Amino acid sequence: MTDPATSSPTPDDVPPVISGDEFRDQFGEDLTDTLDLGTWQQGADLAGLNRRLQAEVTDAVAQEREAVAFIRREVFPRLAKQQDAPAAAGVYQATPELIERALRNSLFNGCVEACDGTVSEHDTLVLTVTQLGVCLVSYQGEQLTLSQRLFRRDLRIGVGRDPKERVRELLERRLGRSAIGVPDPHDTLSELARRGIMGYAERAVLLEQSSAPWRLGHGSVAPYELLTGAGVMSGGAMPLLDAAAKMLRALVLDHQQFIFVPSAIADRWLMTVGDALRPLEYAIVESAERRMAAVVDSGHYGRGSDEIATKLVKDIGPNIVVGVFRAGRGAPAQAFFAHPDHAHEAAVIAMADSVLQEHRGFPMLINIAHHVVNATMGHDTFKQTIGAAYADAGAAFRFSPERESR
């Protein structure tokens, strides 16, 4: 049995090699200087480090501002001319009147509903409990809250089973598991699978439980964990991928009026374009097909599942556009995903909701969904419930992980 703590990494896990020249170019000093403890600051006096910090921040911000002019002059006009650019590609300026209309006619009258989810896990020697929760809200109030708990046990002695044989199985299973509280991809429900189930539930709630014309989601429309089925297989099939494919087709191709805004996106080129936007400007850059295809091409699928994933990308990829907007002068740019036929209205609604948080420039309704679901099903509440259950079982602290009893 392979121990995951000592097994060799796969090629995808091996980090790229960085040369000494690359290190010097990126960090402004040689690695040998960094390793020289004589260059380190002594004691608790951080004045020297803070002077360097201030200088680096000032210089970085100044150079980024210089790049903005070039991007606006050279990159913006080419967005609509790039290969496979969507018909709406380009940079657009919204007006305060459009923002006010979106607030009044779409957001504050309940025509937009947002969904967000949370997942918590409590891992002990005897039991691993995973709690998933999703919440649907609008500016009319909370619409729906759903939760699910999964219980993973190494030991389940059923009727008619030899207890000695089951204990031997228990020891073998635990031999290959990681430390308590440490995520283990070899477990039945990996972190990727947890994210996949929660991501599916968030989008399914928007599709099936929302009655509002516009559906506002957190993240991308088709995230990595759904496109790959989160690695969950059953008899060679991938049930999560199958369910996600049907649900995403209905959301993207049939409903169409969706907006998804991620907290972060792994595309610094796109965010650099966004940084060059002025307040209430938005850019529609490309379709999501290329991004989705890259995920599928690098995925590991069960029997026939690669065909399901490939067809899903071809069906919905061209019907999702990727854009970026800036809600306010001091706020960071945000990426967004929408249907090509509704992209302009989606961008205006997203910006209108984001101007309500001037410093963040991120949709307020997603924040509300986040806080509601965490208030009812967040880690702190979950931890208290778990602690009470163990206390009732006469094992209040016997199986508590060290990190949770500090």
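Modeller: Happy to! Let me start with E5, which is joined to strand E6 (residues 258–261) by four bridges, the two running parallel. Within that pair, Gly217 has Phe260 in E6 as its bridge partner. Strands here are DSSP runs of at least two residues (E), helices are runs of at least four (H or I), and both are numbered from the N terminus; two strands pair if DSSP finds at least two bridges between them.

A word on the origin of all this: the model is predicted, so local features need pLDDT of at least 70 and side-chain atom pairs count only at pLDDT 80 or more, while totals for chains, interfaces and linings use all residues. Residues are numbered from 1 along each chain as its sequence is written, and side-chain values use heavy atoms, with hydrogens and water left out.

Back to E5. Four of its five residues are buried, so that the strand is mostly covered; buried means under 20% relative accessible area, exposed over 50%, and partly exposed in between, with a 1.4 Å probe and protein chains only. Strand E5 (residues 214–218) also pairs with E2, in the parallel sense and over four bridges. There, Ala114 stands opposite Leu216 in E5.

Now the wider setting. Nine strands make up an open sheet with mixed pairing, in the order E1-E7-E8-E9-E6-E5-E2-E3-E4. Its edges are strand E1 (90–93) and strand E4 (141–152), each of which pairs on one side only. On average, neighbouring strands of this sheet are turned by 25° against each other, direction ignored; axes are lines fitted to C-alpha atoms, for helices over the stretch in contact, and angles run from 0 to 180 degrees between N-to-C directions. Elsewhere in the sheet, strand E7 (residues 281–287) and strand E8 (residues 321–325) pair in the antiparallel sense over five bridges, with Val324 in E8 as the bridge partner of Ala283.

Strand E2 (residues 112–123) has 10 of its 12 residues buried, so it is largely enclosed by the rest of the structure. A hairpin through four residues takes E2 to E3, and 10 bridges join E2 to strand E3 (residues 128–138), the two running antiparallel. Gly117 stands opposite Val134 in E3, and Cys115 has Leu136 in E3 as its bridge partner.

E3 itself is largely enclosed by the rest of the structure, because 11 of its 11 residues are buried. In a regular strand the side chains alternate between the two faces of the sheet. Here, Thr128, Thr130, Leu132, Val134, Leu136 and Ser138 point one way from E3, while Val129, Gln131, Gly133, Cys135 and Val137 point the other way, and all are buried. Cys135 stands opposite Thr145 in E4.

Leu206 is 70 residues from Leu136 along the chain, yet their C-alpha atoms are separated by 7.5 Å.

Finally, a helix pair for comparison with the strands. Two packed helices are described by the angle between their axes and the distance between the axes. Helix H4 (residues 96–107) and H12 pack at about 90°, with axes 9 Å apart. That makes H4 roughly perpendicular to H12; angles under 35 degrees count as roughly parallel, over 145 as roughly antiparallel, 65 to 115 as roughly perpendicular and the rest as oblique. From H4, Leu98, Ile99, Ala102, Leu103, Ser106 and Leu107 meet Glu345, Val348, Ile349, Met351, Ala352 and Asp353 in H12. The residues of this contact divide into nine nonpolar, one polar and two charged, where Ala, Val, Leu, Ile, Met, Phe, Trp, Tyr, Cys and Pro count as nonpolar, Asp, Glu, Lys and Arg as charged, and the others, Gly among them, as polar.

Definitions and conventions: Contact means heavy atoms within 4.5 Å.
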